Amino acid sequence: MRRWNGITEIPADLTASVLTIGNFDGVHLGHRAVLAEVVAAARAEGVPAVAVTFDPHPATVHRPESAPTLLTGLDDRLALMAQTGLDAVLVVGYTEEFARQAPEEFVRRYFVQALHARRVVIGEDIRFGWGNVGDRTTMTELGRRLGFEVEVVHDVAEPGERRWSSTWVRELLAEGDCAGVTRVLGRPHRMRGVVVHGEARGREMGFPTANLDTGATGTIPADGVYAGWLVRYPGAPEEVSLPAAVSIGTNPTFDGVQRRVEAHVLGRTDLDLYDEEVVVEFVRRLRPTLRYEGMAALIEQMRQDVISAADVLGVPHPAQLPASGSATH
């Protein structure tokens, strides 16, 4: 999949396309339904399938104080979009100046003049143009006047459930409901970040952890301990997933105040991951974050967490675990 950072990077020989537009945060199953229709229509037309998306998210420009946390960073969002079969994504730099375009001005410049759209596939809740005054009715009328077809993909949801949305995924993450998140996303939730030095308490207790930096992308789930995977070299040919127990919280046993995301690769004390970019994938929440009275109680709970995580992930229990109450210095 090709990435175009602005309309100046669109090839001059692009003469037609089928396209869609959206933020696509999380690339959940609702997004995937729209993108699948774009790809199918483009293949039928014999033209490229293109998506138009924005960076940064419009909410961070218009209301930064209340903007939602993003489910995926831009790189992960594009990687997930590539999996749908898109030929290209146009990443539009979102600014106040850009946002001031009227719906017709935006569509004429980007869809007609730059991308030569034959068909535009949209979801029912589309909003575009200054003040979000453009909607699916506006797009349909513009298509009639400017010479492209408009196809509306209806909201997608499991029978009896609300429609799939990024907002719903955030609500489920806030509850620690990994199964619900996986159902809406069609995959487990992920965070991506660089491994940084922590306070080394996990290593002292025999459970070294990889601490994600505070700039890690992806919404942080509810505090607690999770079964999951630590992915090294994400996206590379040698990508490898390692079973992990992931802790989120402030380490209340040690009166911590900084919220951390840290992953212990089951049974491994030999890994050097510092300064390496990794992905942490959340499969199931094992328990909430609790305060323990003393090191021995905490180590015993961590032993149980490791065993529980192994059972959830379907991998063998580590051959050796620290004895209850022991610590390694």
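Colleague: Is Gln-301 buried, partly exposed or exposed?
Modeller: Gln-301 is partly exposed, because its relative accessible area is 22%; buried means under 20%, exposed over 50% and partly exposed in between, with a 1.4 Å probe and protein chains only. This is a predicted model, in which local features need pLDDT of at least 70 and side-chain atom pairs count only at pLDDT 80 or more, while totals for chains, interfaces and linings use all residues. Residues are numbered from 1 along each chain as its sequence is written, and side-chain values use heavy atoms, with hydrogens and water left out.

Colleague: Where does Gln-301 lie, and what does Gln-301 touch?
Modeller: Gln-301 lies in helix H10, residues 295–313. Helices (H or I, at least four residues) and strands (E, at least two) are DSSP runs, numbered from the N terminus. Not counting residues up to four places away in sequence, Gln-301 touches Arg-287 and Tyr-292, where contact means heavy atoms within 4.5 Å.

Colleague: What separates the C-alpha atoms of Gln-301 and Gly-180?
Modeller: These C-alpha atoms are separated by 26 Å, and the two residues are 121 residues apart along the chain.

Colleague: Let us turn to the strands. Which strands form the closed barrel?
Modeller: The closed barrel has 6 strands in the order E7-E8-E11-E10-E9-E12, with antiparallel pairing. Two strands pair if DSSP finds at least two bridges between them. On average, neighbouring strands of this sheet are turned by 45 degrees against each other, direction ignored.

Colleague: How many bridges join E7 to E8?
Modeller: Strand E7 (residues 189–196) and strand E8 (residues 210–212) are joined by 2 bridges and run antiparallel. Val-195 has Leu-212 in E8 as its bridge partner.

Colleague: Which helix lies across E7?
Modeller: Helix H8 (residues 178–185) lies across E7, strand E9 (224–232) and strand E12 (277–287), and runs at about 125 degrees to E12. Axes are lines fitted to C-alpha atoms, for helices over the stretch in contact, and angles run from 0 to 180 degrees between N-to-C directions.

Colleague: Why does Glu-276 count as buried?
Modeller: Glu-276 counts as buried because its relative accessibility is 14%. Glu-276 lies in the loop between strand E11 (260–265) and E12. Leaving aside neighbours within four places in sequence, Glu-276 is in contact with Gly-193, Val-194, Val-195, Arg-232 and Tyr-233.

Colleague: What about H7: which of its residues are buried?
Modeller: In helix H7 (residues 166–174), the buried residues are Ser-166, Trp-168, Val-169, Arg-170, Leu-172 and Leu-173. The elements that cover them include H1, H8 and E7. Just after H7, Gly-176 has a positive phi of about 75 degrees.

Colleague: A change of topic: how many residues are in the largest nonpolar core?
Modeller: That core has 29 residues, and Val-107, Phe-111, Leu-115 and Met-139 have the most contacts inside it. A nonpolar core is a set of buried Ala, Val, Leu, Ile, Met, Phe, Trp, Tyr and Cys residues joined through side-chain atoms within 4.5 Å.

Colleague: Which helix gives the most to this core?
Modeller: H5 gives the most, with 5 residues. A second, separate core has 22 residues, including Val-34, Leu-35, Val-38 and Val-39.
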